[in-house]
Amino acid sequence: MSVFHGGNLAGATEKFGQPKDGWLDLSTGINPNPYPVPTLSNDVWGRLPDHDLVVALKKAAAHYYGVGDESCVIPVSGTQTLLQILPHLFVKPSKVRILEPTYKEHAHCWALAGHDVAGVKTLEEAEAQADIIIVVNPNNPTGAIYDGAALAALAARMFAKGGLLIVDGAFSDCTQQADISAHAGKPGLLILRSFGKFFGLAGIRLGFVLAQGPLADRLKEGIGPWAVNGPALEIGRQAFLDDKWIGQTQSHLLEQAQRLDGVLSAAGLHVEGGTSLFRFCRSMQAQEIYQALGRHGILVRPFAELPDHLRVGLPGNESEWIRLENSLKTLRCD
């Protein structure tokens with residue numbers, strides 16, 4: 001059974017029809033103003049990715065993530081691919097406990113691989129039960145943040161009993177206090193990082209594992225050679241080293257998130273959290289608002305398990321902001 005995701009415009013069109021002004025997709029947490037893709041040489045497009053490209057990307061990623069040892073950096077073709085590979089690296093079924101509510105693909109992929117998977121509400125509950133703990137930090141969709149030092153200590157305790165802590169930091173580019181990448185390489189800790197969300201280039205399918213040790217070695221063997229295409233390697237390298245764009249974008253996203261809070265609050269939605277790439281809000285009419293916005297050609301993210309909540313991404317330009325504000329004004333949100 002597939003997991004419902006944001007960004008499914010084909011499904012939205014089937015449900016609501018084709019909007020006359022096209023879709024305004026606010027259902028994902030992807031930066032709507034992406035990093036400007038540089039012009040790439042013909043060699044990057046025409047050759048298999050060579051060792052030098054991989055090494056250069058790993059150095060740039062280590063610089064960006066604040067990782068002292070670049071050997072901890074393992075590039076992969078998007079974190080979704082990684083989620084599907086990881087559970088199969090464990091020969092014996094493990095007790096996997098996931099801090100919920102959160103991104104559903106974690107539970108889906110580990111359960112498909114035959115592991116004992118359950119959701120829990122606290123780290124203490126997870127530690128008492130699990131061989132493997134999965135924490136999304138900051139959490140998607142709530143934006144909840146777990147203390148980095150506490151997670152590092154938890155990883156050490158898990159390692160001492162033969163276990164593992166997996167921290168999915170897909171949105172920690174935007175929430176620096178949630179970033180535990182400086183702890184990369186410590187025993188019992190495996191960190192996942194996404195490139196496409198903050199840099200707005202989800203289509204190039206680039207992600208990273210930050211880890212060392214036997215599990216990291218098995219992962220490298222599992223993904224094989226040429227795990228990431230040459231254009232993605234070079235685009236990622238240049239983006240990671242563009243400190244000016246990174247700093248300006250982090251500030252801009254914070255400003256835009258604050259603006260979105262104002263727009264949603266003015267419409268009667270109660271903003272409970274999120275990151276600077278999306279906001280998590282509550283309304284007793286959440287499902288009706290989702291339907292009404294869909295009829296206006298605006299797609300936001302509903303949750304079957306959280307029917308009174310929505311996740312709303314950032315508009316990308318002024319006309320999109322006006323379109324969202326005008327649509328919300330036609331709705332009554334209590």
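Which residue in S6 is the bridge partner of Val136? The answer is Asp168, and the close-ups below of this predicted model start from the sheet that holds this pair.

**View 1. The whole sheet, strand by strand.** Here we have an open sheet of 7 strands with mixed pairing, and the order reads S2-S8-S7-S6-S5-S3-S4. S2 and S4 (116–120) are the edge strands, each pairing on one side only. Going from one strand to the next, the twist averages 20 degrees.

**View 2. The parallel pair S5 and S6, with a helix packed on the sheet.** S5 (residues 132–136) and S6 (residues 164–168) run parallel and are joined by 5 bridges. One of the pairings to look for is Val136 with Asp168 in S6. Helix H7 (residues 148–160) packs on the sheet and touches S5, S6 and S7. The direction of H7 makes about 150 degrees with that of S6.

**View 3. Strand S8 between its two partners.** Strands pair through backbone hydrogen bonds, either parallel or antiparallel. On one side, S2 (residues 73–76) pairs with S8 in the antiparallel sense over 4 bridges. S7 (residues 189–194) also runs antiparallel to S8, again with 4 bridges.

View 4. Helix H9 (residues 214–223) lies across S2, S6, S7 and S8, running at about 30 degrees to S2.

View 5. In soluble globular proteins, nonpolar side chains tend to be buried together. The largest nonpolar core has 79 residues, and Ile133, Leu165, Phe195, Phe199, Phe208, Phe240 and Leu328 touch the most other members. Helix H3 (residues 51–65) gives the most to this core, with 7 residues. Leaving aside neighbours within four places in sequence, Phe195 is in contact with Leu201, Ile204, Leu206, Gly207, Phe208, Ile235, Gly236, Ala239 and Phe240. There is also a second, separate core of 24 residues, which includes Ile74, Ile98, Leu215 and Ile223.

**View 6. Helix H3 passing helix H10.** The axes of H3 and H10 (residues 230–240) come within 8 Å and cross at roughly 35 degrees. The crossing is left-handed. On the H3 side, the contact is made by Leu53, Val54, Ala56, Leu57, Ala60, Ala61, His63, Tyr64 and Tyr65. H10 brings in Gly230, Leu233, Glu234, Gly236, Arg237 and Phe240. Sorted by class, that contact has 10 nonpolar, 3 polar and 2 charged residues.

**View 7. Pro138 in its loop.** Pro138 is found in the loop between S5 and H7. Why does Pro138 count as buried? Because the relative accessible area of Pro138 is 0%, and buried means under 20%. Not counting residues up to four places away in sequence, Pro138 touches Gly143, Ala144, Ile145, Phe171, Ser172, Thr175, Ala178 and Thr275. For scale, Pro138 and Gly114 are 24 residues apart in sequence and 27 Å apart in space, C-alpha to C-alpha.

How values were computed
Residues numbered from 1 in each chain as written. Predicted model: local features only at pLDDT ≥ 70, side-chain atom pairs only at ≥ 80, totals over all residues. Heavy atoms only, no water. Pairing = 2+ DSSP bridges. Helix = DSSP H or I, 4+ residues; strand = E, 2+ residues; numbered from the N terminus. Core = buried A, V, L, I, M, F, W, Y, C linked by side-chain atoms within 4.5 Å. Buried < 20%, exposed > 50% of the residue type's maximum accessible area, 1.4 Å probe, protein only. Contact = heavy atoms within 4.5 Å. Axes fitted to C-alpha atoms, helices over the stretch in contact; angles between N-to-C directions. Left-handed = near helix turned anticlockwise from the far one by under 90°. Nonpolar A, V, L, I, M, F, W, Y, C, P; charged D, E, K, R; others polar.
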